[in-house]
Each structure stands twice: as C-alpha cells, then as structure tokens.
Amino acid sequence: MREPTPHPTARSALADLQRLLVCGAGLLLLLAVGLWWRGHPTGALLLAATVLSGHALALGVECALAAWVNREDTRRQGRGAVTPWTAWVRAWWREVLVAPRVFAWRQPFRWRLLPDTPAPMPGPGRAVVLIHGFVCNRGFWLPWLRALRERGLAYATVNLEPVFGSIDDYVPLVEGAVRRAERLGPDRPTLVCHSMGGLAARAWLVADPRNAARVARVVTIGSPHRGTWISRFSRVVNGRQMRVDGDWLGQLAERERAQRGELPYAGFVCWYADTDNIVFPAPTATLPGADNRLVPGAAHVDLAFQPRVMGESLAMLASAGNSPSERTVS
C-alpha cells in the first residue's frame with residue numbers, strides 16, 4: 001500500500017495552543033520540584049496536585065452539574081429511573097483517564113500521525129469522513145484511524161478551525177473532506193462525527209440540497225443535536241450556537257424539514273450516553289426518527305472510544321455497497 005499523503009491542513013492552531021499549555025504545565029511541575037528542594041514541600045505538593053489533577057476537579061464539576069440537570073429532566077419528563085451516582089463516578093473516572101491522552105498528547109503532538117488515505121483501498125467497504133468536535137482536531141480520532149487502517153478502510157479527516165468560529169464556517173472544510181472521500185471508492189462515504197462535529201455535518205447537509213444523496217449514513221457520537229445545557233456559559237460563537245432551544249439550532253431544523261420532510265434523520269445513527277458530562281440532558285444527543293443508541297455509563301470523550309460504539313460503527317462502515325435495504329440520509 002502506498003504511503004498516505006499529508007493532511008491538506010499543514011498546521012493546526014489548536015495543536016499549537018495545546019502544546020503551549022502542556023509545556024506550561026511541565027514548567028509548573030519543574031517549579032514544584034524547585035520548591036521541594038528549597039524546603040517548601042507543602043507548596044510543592046499543592047502546586048503539583050493542582051497541575052496533575054486540576055482536570056479531574058473540572059470534570060467532577062461537569063459531572064455533578066450534568067447529574068443534577070439529567071435528574072430534573074428525567075423527573076419532569078417522567079422517563080423512568082434516575083441514573084445512580086455510582087454510574088456517574090465510574091464515568092468520571094474513565095474521563096479523567098482518557099482526557100489527558102486526547103488533549104495533552106494526541107491532539108497537540110500526534111495529530112499528523114496516520115494521514116488521510118491518498119488512493120482507493122482494495123476490497124469492500126466505503127470511505128469514511130471523520131469530523132471531530134469542539135476544541136479538538138483530527139488527532140482526536142487516532143484510535144479510529146488505526147482501526148480503519150487495520151480493516152483496510154479509506155478515510156478523510158478535517159481540522160475544524162477557526163476553533164471558536166461559527167459552525168457554518170466549517171461547511172467548506174466538510175465539503176473538502178467529502179470530495180476527497182468520494183475519490184476513494186465507488187460507494188457513497190459515511191460521516192462519523194463526535195460532539196459538535198455532528199452539527200457541522202448537518203450544516204453541510206443543508207448547505208446544498210444535493211448533499212444528502214452524496215452520503216450513505218451519518219453516525220454521530222454525543223452530538224448536541226438539540227443543544228446542551230452547559231452551553232449557556234459559553235461566550236464564543238460556536239458555543240452559543242449549541243444552546244438548548246437556540247436560534248441557530250432552530251433555523252437548522254427548519255431548513256432540514258424544508259429540504260427532506262418532517263423526518264429528515266432516517267439515515268442517522270446517534271450514539272448517546274446517560275452520563276455525558278458535556279451534552280445534557282441526555283436526550284438532546286438524539287434525533288427524531290434516527291437510530292438512537294444509548295450507551296449507559298460513558299462520559300463525553302470516553303463515549304467515542306467505547307468498544308460497543310467503535311465495534312458496531314466499524315461494522316457498519318465495513319459493509320460494502322449500497323444495499324437496497326440500507327437507510328440513507330436522503
């Protein structure tokens with residue numbers, strides 16, 4: 001197999017920023033060592049603990065907020081049992097472990113690893129377009145890229161930048177990735193999206209009425225299709241666009257219905273979790289008429305790498321051809 005060509009985006013501003021943050025954390029740890037050697041063990045331990053476990057505290061606050069909002073929403077809607085606190089603790093701990101691997105290693109330092117597929121792959125299976133979420137880049141998908149390569153599946157990726165720009169501004173980036181994927185095989189590609197990436201995919205679909213016919217399926221993982229409660233605290237453009245019952249999401253849904261009828265999501269598979277610390281209440285990650293699949297006990301980033309999510313999604317991607325029985329976006 002030929003070596004893949006470099007990603008069309010030569011740089012990632014997010015990777016530059018995250019490298020700077022990681023280096024800053026390293027300097028603070030060196031400062032803690034200096035304090036220890038100068039006879040200030042208490043200050044050294046406090047500084048080191050803050051650097052090494054600050055993200056765990058932030059994730060704990062997010063999980064506590066999400067648990068409260070989900071509980072109130074469940075009781076108000078009368079949907080059944082409230083998720084137990086033990087499930088939230090387990091989800092929090094898994095997120096504590098996975099988040100540094102994504103935000104302090106894969107995205108800042110490894111995002112260029114495993115470039116996009118340059119030419120059609122031999123054998124069955126359709127190409128995949130992977131669209132990451134908020135404050136992420138293509139390095140988020142490294143475990144997926146390895147799995148796709150092992151299965152002989154072609155893929156194209158994006159870096160959604162500017163990081164805090166409008167979701168509408170990402171449409172040309174998605175279009176470019178879809179065009180590259182279309183050149184990788186005869187079958188229509190599948191879109192796999194995490195978090196805000198699902199909204200970028202939907203914005204691309206309505207940008208041109210013909211786009212729905214160009215993809216076989218859209219798989220979203222923890223995408224705030226109907227917004228998320230926590231976005232009320234956001235002051236950036238794409239963060240505000242993800243507000244529950246916000247204007248941008250309402251206009252997007254109206255355009256979808258105008259183009260594809262009252263149930264425009266028949267070709268969507270929506271993975272969601274009852275312990276998502278970013279997209280909550282939990283049902284906001286679902287769409288009416290879609291194949292909505294609940295994964296109990298997973299947090300937001302961890303959800304994308306759950307064995308069931310990856311296993312079942314990769315099985316869909318490996319299915320060759322456009323079966324007459326297969327649901328399509330159009």
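Mentor: Start with this: β3, helix α6 (residues 196–207) and β4 make a right-handed β-α-β unit. Right-handed means that, with the strands pointing away from the viewer, the path from the first strand over the helix to the second runs clockwise. Helices (H or I, at least four residues) and strands (E, at least two) are DSSP runs, numbered from the N terminus. This is a predicted model, where local features need pLDDT of at least 70, side-chain atom pairs count only at pLDDT 80 or more, and totals for chains, interfaces and linings use all residues. Residues are numbered from 1 along each chain as its sequence is written, and side-chain values use heavy atoms, with hydrogens and water left out.

Trainee: How many bridges join β3 to strand β4?

Mentor: Two strands pair if DSSP finds at least two bridges between them. β3 and β4 (residues 217–221) run parallel. Leu191 stands opposite Val218 in β4. The number of bridges joining β3 to β4 is 5.

Trainee: In β3, which residue is the bridge partner of Leu130?

Mentor: β1 and β3 run parallel, joined by 4 bridges. In β3, the partner of Leu130 is Val192.

Trainee: How many residues of strand β3 are buried?

Mentor: Buried means under 20% relative accessible area, exposed over 50%, partly exposed in between (1.4 Å probe, protein chains only). In a regular strand the side chains alternate between the two faces of the sheet. Thr190, Val192 and His194 point one way from β3, Leu191 and Cys193 the other way, and all are buried. β3 is therefore largely enclosed by the rest of the structure, its buried count being 5 of the 5.

Trainee: Leu114 has a positive phi. Is Leu114 buried or exposed?

Mentor: Most residues other than glycine have a negative phi, and most peptide bonds are trans. Phi of Leu114 is near 55°. Leu114 sits in the loop between α3 (85–109) and β1 (128–131). With a relative accessible area of 15%, Leu114 is buried.

Trainee: What is omega for the cis peptide bond joining Glu161 and Pro162?

Mentor: Pro162 lies in the loop between β2 (155–157) and α5 (171–182). The bond from Glu161 to Pro162 is cis, and omega is about 10°.
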